[in-house]
Amino acid sequence: MRAWVLLSAVLWYLTGVGWQRSSERTKKGFIYGKPGHLVKIYVKLHRNSPILVCMDFKRAEKETVDPTYLWVGPNEKPLTGNNRINITETGKLMVKDFLEPLSGLYTCTLSYKTIKAETQEEKIVKQRYDFMIFAYREPDYSYQMAVRFTTKSCIGRYNDLLFRVLKKILDNLISDLSCHVIEPSYKCHFVKIPKHHLIHELFIAFQVNPFAPGWKGACNDSVDCEDITNRNILQARDRIEEFFRSQAYIFYHDFNKTLPAMHFVDHSFQVIRMDSCRPGFGKNEGLHSNCASCCVVCSPGTFSPDVDVTCQTCVSIHIYGAKSCP
């Protein structure tokens, strides 16, 4: 029996298990460091972070002798003793149930040896890897909508009556979704239609919002309530769009009816999504280009006090996720 075969058999017997090297390229959810470059990572609030590898991909593809890993968290604090931080013996780090204060710079220093084959001379090599982790939330959706109705005149109480009735109908249509109509308004204008006379039209605008009184009851104690409110507001949008589509169908396809003086103007329905962020979060496409549509936690030196889309400057703030300026 050849020596290498015998040795393999002995090793197998002594360990009782087989082993093989596997490339981490095939494993999902791993993020490697980049020497000399900051790696930005965005973790959704209350979710686990991806697995950070204290090694660059090229190094991971090579043999590494006597590796040691030293992880340091935000504000250069050691990461030991934190039950949210999981660090493996091979230098992989994961943060569980990510929260705003866990945002910041995570640095790992990899130390390993190189050994010259001919002299057995050992040399220690160190490499630092920087990961910048930010907590983020999905933005809260609301929708700005606009419609037009014809009217007999810009003067008279019927315009106001139509406006109030329409708002009530829409509120009832979406009330079970904890959504409601806010900031409704209308103006009456004279409109010249090509090849027609002047007509009067009501230009009606309103916003559909997912935070009707009691909206938190729809969350069912979910920590990611924006997922629920956003799903509800999408349903509300679809219902309202279908309502006005049905108005157009009734008025323009039922030939047995005379078109009333006040009716929905076909193709006048317009909708625009408007995003907002919860306090302590904001959007910044320049700083967070990889998460441009996200509400990212406000960095030190900034804050967001209310439902807005940007973090404001406040130099006295030294934490992530500030909601006020001292």
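Modeller: Start with a definition: helices (H or I, at least four residues) and strands (E, at least two) are DSSP runs, numbered from the N terminus. The model above is predicted: local features need pLDDT of at least 70, side-chain atom pairs count only at pLDDT 80 or more, and totals for chains, interfaces and linings use all residues. Residues are numbered from 1 along each chain as its sequence is written, and side-chain values use heavy atoms, with hydrogens and water left out.

Biologist: How many residues does helix α3 have, and what span does it reach?

Modeller: The expected span of a helix is 1.5 Å times one less than its number of residues. Helix α3 covers residues 158-174, which is 17 residues. From first C-alpha to last, α3 reaches 25 Å, close to the expected 24 Å.

Biologist: Which residues of α3 are buried?

Modeller: In α3, Asn159, Leu162, Phe163, Leu166, Leu170, Asp171 and Ile174 are buried. They span an arc of only 165° around the axis, so they share the same side of α3. That arc is taken from the directions of the C-beta atoms, seen from the helix axis.

Biologist: Why do residues a few places apart point the same way?

Modeller: An α-helix has 3.6 residues a turn, so residues three or four places apart point the same way. Now look at the face of α3 turned away from its buried side. Tyr158, Lys168 and Asn172 are the exposed residues there.

Biologist: How many aromatic pairs does the whole structure hold?

Modeller: First, the test: rings of Phe, Tyr and Trp (its six-membered ring) pair if their centres lie within 6.5 Å. Planes under 30 degrees apart are stacked, over 60 are edge-to-face, and the rest are tilted. The search finds 9 aromatic pairs. One of them is Phe149 with Phe264, an edge-to-face pair at 5.8 Å centre to centre and 65° between planes. Phe149 is in strand β9 (residues 140-151), while Phe264 is in the loop between α4 (225-253) and β12 (270-276), so the pair ties together parts 115 residues apart in sequence. Phe149 is buried at 7% relative accessibility. Phe264 is buried too, at 2%.

Biologist: What kind of pair do Phe243 and Phe244 make?

Modeller: Their ring centres are 5.0 Å apart and their planes meet at 75°, so this pair is edge-to-face. Phe243 is buried at 16%, and Phe244 is buried at 1%. Phe149, Phe243, Phe244, Phe264 and Phe269 form one aromatic cluster.

Biologist: Which ring does the charged end of Arg137 sit over?

Modeller: A charge sits over a ring if NZ of Lys or CZ of Arg is within 6 Å of the ring centre and within 35 degrees of the ring normal. Arg137 sits over the ring of Phe281, 5.8 Å from its centre. Arg273 lies over the face of Tyr141, at 3.9 Å.

Biologist: What holds the strands of a sheet together?

Modeller: Strands pair through backbone hydrogen bonds, either parallel or antiparallel. The cut-off here is at least two DSSP bridges between two strands. Take β8 (residues 122-137). Strand β2 (residues 38-44) runs parallel to β8, with 7 bridges, and Ile41 has Ile133 as its bridge partner in β8. Strand β7 (residues 104-115) runs antiparallel to β8, with 12 bridges. Arg137 stands opposite Cys295 of β14.

Biologist: What is the strand order of the open sheet of 4 strands?

Modeller: The order is β10-β11-β9-β12, with antiparallel pairing. Its edge strands are β10 (180-192) and β12, and each pairs on one side only. On average, neighbouring strands are turned by 20° against each other, direction ignored. Within this sheet, 7 bridges link β9 and β12, and Tyr143 stands opposite Arg273 of β12.

Key. Buried means under 20% relative accessible area, exposed over 50%, partly exposed in between (1.4 Å probe, protein chains only). Axes are lines fitted to C-alpha atoms, for helices over the stretch in contact, and angles run from 0 to 180 degrees between N-to-C directions.
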